[in-house]
Amino acid sequence: MKIFGRKGKEGASLRPSRILRTGSDPSTPQTPLRMTGAVYVFVLIAIGGFIAHAADQPATPRVHIVTSGSDLKWGPPPPMIPKCAEAAILDGDPFKQGAPFVVRLKLSDGCKFGPHWHPTDENVTVISGTLGAGMGDTFDPAKGQLIDAGGFVRMPTGMHHFAWAKGPTIVQVHGVGPLEFSYVNPADDPRNQH
């Protein structure tokens, strides 16, 4: 595209007088491109589709969450967790497919989880006390490891593992739901203990 116009002293164009396309007849002035009705319809359809798509998306509230440790509401654990524990949900829904969650468990001294596995990764941070954790199909503390306050352990999807509390212990579990337990030995499953 060439721009023709009046030139100043130093040869710079001061203002365009007409716009020409390369290869067109210089004696015929060209008009600027204008949007046709079809282009307007296309743009409106595209904007309408974008708005409709955005309206279908669930609104995720962006909320700053602050919870003091003294404000936690402790209650009975879900049925698949031993009764020697109390639970507090800090955020999310641990039982919803694909939903992130954060849960704390308060474990009494000696509270134990028999060998089990999860369908999603389990991430555990020790808040206070000491958690023992080991891998395998048999509960054997000698094959486990003690994790002090501030420590972290991650059990990948499907890994068979067991855990126990050495003294009163609080752990925080986070991940993506659903939080499910499949016990290796059905007798270890609290849902089977009456």
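A disulfide (a pair of cysteine sulfur atoms within 2.5 Å) joins cysteine 84 to cysteine 111, with an S to S distance of 2.0 Å. The model is a predicted one, so to speak of local features takes a pLDDT of at least 70 and side-chain atom pairs count only at pLDDT 80 or more, while totals for chains, interfaces and linings use all residues. Residues are numbered from 1 along each chain as its sequence is written, and side-chain values use heavy atoms, with hydrogens and water left out.

Back to the sulfurs: a search of the whole structure turns up one disulfide. The link of cysteine 84 and cysteine 111 is right-handed, with 65° about the S-S bond. Cysteine 84 sits in the loop between α1 (37-56) and β3, and cysteine 111 in the loop between β4 and β5, so the pair ties together parts that are 27 residues apart in sequence. Helices (H or I, at least four residues) and strands (E, at least two) are DSSP runs, numbered from the N terminus. In space, the two cysteines are 5.5 Å apart, C-alpha to C-alpha. Their exposure is given as buried (under 20% relative accessible area), exposed (over 50%) or partly exposed (in between), with a 1.4 Å probe and protein chains only. Cysteine 84 is partly exposed at 27%, whereas cysteine 111 is buried at 2%. Leaving aside neighbours within four places in sequence, cysteine 111 is in contact (heavy atoms within 4.5 Å) with Pro82, Cys84, Ala85, Ala163, Trp164 and Ala165.

Next comes the nonpolar core, meaning a set of buried Ala, Val, Leu, Ile, Met, Phe, Trp, Tyr and Cys residues joined through side-chain atoms within 4.5 Å. The largest one has 24 residues, and those with the most contacts inside it are Ile81, Leu105, Leu107, Phe113, Leu131, Val171 and Phe181. At least two residues of this core come from each of β3 (85-92), β4 (100-107), β6 (122-135), β8 (152-155) and β9 (161-176). Take leucine 131: not counting residues up to four places away in sequence, leucine 131 touches Leu107, Val124, Val126, Gln145, Leu146, Ile147, Ala163, Trp164, Thr169 and Val171.

Then there are the rings. Rings of Phe, Tyr and Trp (its six-membered ring) pair if their centres lie within 6.5 Å, and planes under 30 degrees apart count as stacked, over 60 as edge-to-face and the rest as tilted. The count by this rule is five aromatic pairs. Phenylalanine 139 and phenylalanine 162 make a tilted pair, 5.2 Å centre to centre with 55° between the planes. These partners are 23 residues apart, phenylalanine 139 in the loop between β6 and β7 (145-148) and phenylalanine 162 in strand β9. Phenylalanine 139 is partly exposed at 24% relative accessibility, but phenylalanine 162 is buried at 1%. Phenylalanine 181 and tyrosine 183 are stacked, because their ring centres are 6.0 Å apart and their planes at 25°.

Tyrosine 183, for its part, is in contact with aspartate 189, as is Met80. Aspartate 189 lies in the segment after β10 (182-183) and is buried at 9% relative accessibility.
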